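Please read this briefing alongside the sequence and the 3D view. Short notes on the terms are given where they come up.

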Amino acid sequence: MSSKPSAKPAVSRPLSPFMLGQYYRFQISSLLSITHRITGVGLAIGTIFIAVWVMSAAAGPAPYGQFAWFAHTPIGLLLLLGWSWALFFHFCNGIRHLVWDVGYAFDKKSVDAGGWIVVVASVVLTAIVWAIAYLVPATA
Amino acid sequence: MKNLRSPLSEARGLGSAKDGVHHWWVQRLTALALIPLSLWFVFSIARYHLADYSTMIAWLHNPYAAVALVLYFIALFYHSMLGVQVVIEDYVATEWLKIGSIVLMKFVHFALGAASVFAVLKVAFGA
């Protein structure tokens with residue numbers, strides 16, 4: 001007889017503890033794994049703002065002005081900063097995953113080194129894009 | 001070798017649909033497409049100061065930018081949809097809630113994707 005997988009088990013057995021917290025020694029790979037998911041979900045929510053942004057451009061100068069105004073409020077800038085870092089983190093760690101997918105850099109040393117490279121690269125790329133936005137004059 | 005198929009699977013008599021890795025594979029393909037597209041997107045926003053309306057409209061009138069943006073939106077919304085689906089499948093245990101939230105999430109992704117592409121084309125084809 002089979003039972004539905006979602007049904008409550010007859011015996012409650014101990015569960016494997018969560019990868020982060022007091023049970024395991026800290027590892028960069030587990031932290032980045034969950035960060036990849038969290039930034040992924042954050043970026044998925046961010047697509048709502050991207051859609052509203054381009055639709056406001058199609059709607060005309062007044063709606064676009066409202067969106068641009070909101071983007072430049074402290075909350076808007078904080079969201080943009082978070083979005084840009086989340087994107088660059090997911091971008092860099094995603095490339096790390098693609099490298100693994102083709103079979104490279106799977107040994108413990110490379111996995112750890114790659115993790116730290118991703119952390120540094122995501123911060124550097126975020127700094128570069130904000131420096132361009134605020135320090136380089138726009139060219140048409 | 002012992003038959004590993006379940007009795008129900010035996011009774012149904014259906015074979016593999018041969019699409020077992022499709023979700024995984026498309027997630028990688030869209031990821032690959034997003035490497036150049038997302039870099040171009042973020043740096044364009046910063047470089048051209050797109051907060052200004054007339055700059056934004058001029059940017060969307062550029063056919064290269066408009067086509068790249070449409071490609072970016074297709075890859076982005078598809079990739080996002082596949083990723084959120086895996087997260088829901090992993091964390092939502094109740095069957096009806098899992099299926100329901102995946103269907104709703106997919107509808108929202110298609111709606112946002114269609115609206116984004118339409119908005120770009122409307123400006124691109126406009127005067």
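Is Ala105(A) buried, exposed or partly exposed? Ala105(A) is partly exposed, because 13 other C-beta atoms lie within 10 Å (buried means 20 or more other C-beta atoms within 10 Å of a residue's own, exposed means 12 or fewer, partly exposed is in between, and C-beta atoms are placed from the backbone). The model is predicted, so local features need pLDDT of at least 70 and side-chain atom pairs count only at pLDDT 80 or more, while totals for chains, interfaces and linings use all residues. Residues are numbered from 1 along each chain as its sequence is written, and chains are lettered from A and ligands numbered from 1 in the order in which they are written.

**Chain A as a whole**
- Chain A has 4 helices and 0 strands, and from the N terminus its elements run α-α-α-α (helices are DSSP runs of H or I with at least four residues, strands are runs of E with at least two, and both are numbered from the N terminus).
- The radius of gyration of chain A is 21 Å, whereas a compact globule of 140 residues would have one near 14 Å (taken over C-alpha atoms; the globule rule is 2.2 Å times the number of residues to the power 0.38).
- The C-alpha trace of chain A spans about 65 × 40 × 30 Å along its principal axes.
- Of the 140 residues in chain A, 24% count as buried.
- Among contacts in chain A with a separation of 6 or more, 64% join residues 24 or more positions apart (a contact means C-beta atoms, placed from the backbone, within 7 Å).

**Helix α3 of chain A**
- Helix α3(A), residues 74-101, has 28 residues and reaches 40 Å from its first C-alpha to its last, close to the expected 40 Å (1.5 Å times one less than the number of residues).
- Its buried residues include Leu87(A), Phe88(A), Phe89(A) and Phe91(A).
- The buried residues of α3(A) pack against α1 (28-59) and α4 (108-135) of chain A, together with α2 (22-48) of chain B.

**Positive phi values**
- Most residues other than glycine have a negative phi.
- Gly103(A), which follows α3(A), has a positive phi near 95°.
- Ala105(A) is not a glycine, yet its phi is positive, near 55°; this residue is in the loop between α3 and α4 of chain A.
- His49(B) is another residue other than glycine with a positive phi, about 50°, and its place is in the loop between α2 and α3 (53-61) of chain B.
- His49(B) counts as partly exposed because it has 17 C-beta neighbours inside 10 Å.

**Where the chains touch**
- In chain B, 34 residues are in contact with 32 residues of chain A.
- On the side of chain B that touches chain A, α2(B) gives the most, with 10 residues.
- That side divides into 23 nonpolar, 7 polar and 4 charged residues (Ala, Val, Leu, Ile, Met, Phe, Trp, Tyr, Cys and Pro count as nonpolar, Asp, Glu, Lys and Arg as charged, and the others, Gly among them, as polar).

**The largest nonpolar core**
- The largest nonpolar core has 38 residues, of which Val54(A) and Ala57(A) touch the most other members (a core is a set of buried Ala, Val, Leu, Ile, Met, Phe, Trp, Tyr and Cys residues joined through C-beta atoms within 7 Å).
- α1(A) gives the most to this core, with 8 residues.
- Leaving out residues up to four places away in sequence, Val54(A) touches Ser116(B), Ala119(B) and Val120(B).

Key
Contact = placed C-beta atoms within 7 Å.
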